[in-house]
Amino acid sequence: MTGDSLHPANPAYRDLDRPPLRADALRRALVRPGEVWTGIEVVPETGSTNTELAARAQGGAASGSVLVTEHQTAGRGRRGRTFTVPPRAALTFSVLVRPESPTARFGWLPLMMGVAAVRAASFVAQVEPVLKWPNDVLAPEEDRDAPPRKLAGILSEAAFSEAGPGVVIGMGLNVSQRRDELPVEAATSLVLEGDPHGDRDPLLRAVLRAFADLYRAWEEAGGDAEASGLAEEYRRHCDTIGRRVRVSLPGDRLLEGEALGVDAEGRLQVAGPRGTESLSAGDVVHVRRG
């Protein structure tokens, strides 16, 4: 189903708490000449929106393409981790952008999606998440020492082709899962965190609008996250900063120290035994609290 099929016989409406996304309405709201988004497709099911959109990017898909699925059966996280969620319980999508900014600054794009998620969830779901560098969206915590609860994961990958450099950024945001539907104890959903509606449609619109606003400002600044304001906003929501962390690095190396901040290139700065080290997302296997 890719359109606004509202017939009562439609299987998607057998679960009224989890209505389907309305692709036609999304396109009317977000796809306009001169805007960031050039096309939005909603598919009933796919293995991974990132895998599918990256393949389309290799074939020359346009910048601003958005692929959303109602049910992702083989979602991919960093380092090849896989996960699944119940149909229509999460917001699962990927976007393709082809920035004109220098490729050295593309590392800010997944961080940008995290900021967009915070803006959208705060406005639509009345839940203000925090960000874990580099790719997780966490539930807010009244107690800073409480175990983290993961709302979303973000995955980006390069998609170079004859059409030029491109980046696919995907996110799986838990929206209406019940406790028994979550894959791990450390996960949570917006509804479990107090979202009174659990409606994915306005949430997706808000995420895409927020990302588009951030992306335009970043591009206008030549990919300079400091000049565009992206870096400051990311740091404000980044819960990793100021914590003791244990960073797993390739070659079984472990770095323990304090996360001092995120630099102008989007790298995590960690004060360890050998001084302050700046780590890019591609450098790390995993970041845990110390």
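**Figure 1. Accessible surface and overall dimensions of the chain in this predicted model.** The accessible surface of the chain amounts to about 12900 Å², and carbon and sulfur atoms account for 49% of that area. Along its principal axes the C-alpha trace spans about 65 × 45 × 35 Å, and the radius of gyration is 19 Å, which agrees with the value near 19 Å that a compact globule of 290 residues would have. Six helices and 14 strands form the secondary structure, and buried residues account for 51% of the 290 residues. Where contacts join residues at least 6 apart in sequence, 62% of them link residues at least 24 apart. The 35 positive and 40 negative charges have mean positions that lie 2 Å apart.

**Figure 2. The largest nonpolar core and the surroundings of Phe211.** This core holds 70 residues, of which Phe93, Leu109, Trp133 and Phe211 touch the most other members. Helix α3, residues 108-125, gives the most to the core, contributing 13 residues. Another core, of nine residues, lies apart from it and includes Val43, Ala54, Ala57 and Val168. Beyond its neighbours within four places in sequence, Phe211 is in contact with Trp37, Val97, Leu109, Met112, Met113, Ala116 and Ile169. In soluble globular proteins, nonpolar side chains tend to be buried together.

**Figure 3. Leu268 and its contacts.** Leu268 belongs to strand β12, which covers residues 268-272, and it is buried, because its relative accessible area is 0%, under the 20% limit. Once neighbours within four places in sequence are set aside, Leu268 is in contact with Trp133, Thr240, Ala259, Gly261, Val262, Glu277, Ser278 and Leu279. Asp201 stands 67 residues from Leu268 along the chain, and the C-alpha atoms of these two residues are separated by 33 Å.

**Figure 4. The cis peptide bond between Trp133 and Pro134.** The bond that leads from Trp133 to Pro134 is cis, with omega near 0 degrees. Pro134 is placed in the loop that runs between β6 (130-132) and β7 (136-138).

**Figure 5. Positive phi values at Arg88 and Gln126.** Most residues other than glycine have a negative phi, and most peptide bonds are trans. Arg88, in the loop between β4 (82-83) and β5 (90-97), has a positive phi near 60 degrees, and Gln126, in the loop between α3 and β6, likewise has a positive phi near 60 degrees. Arg88 is buried, with a relative accessible area of 15%, whereas Gln126 is exposed, with a relative accessible area of 57%.

Methods
Residues numbered from 1 in each chain as written. Predicted model: local features only at pLDDT ≥ 70, side-chain atom pairs only at ≥ 80, totals over all residues. Heavy atoms only, no water. Helix = DSSP H or I, 4+ residues; strand = E, 2+ residues; numbered from the N terminus. Rg over C-alpha atoms; globule rule 2.2 N^0.38 Å. Buried < 20%, exposed > 50% of the residue type's maximum accessible area, 1.4 Å probe, protein only. Contact = heavy atoms within 4.5 Å. Areas by Shrake-Rupley, 256 points an atom, 1.4 Å probe, with all protein chains shown as cover. Lys, Arg positive; Asp, Glu negative; His and termini not counted. Charge placed at Lys NZ, Arg CZ, Asp CG, Glu CD. Core = buried A, V, L, I, M, F, W, Y, C linked by side-chain atoms within 4.5 Å.
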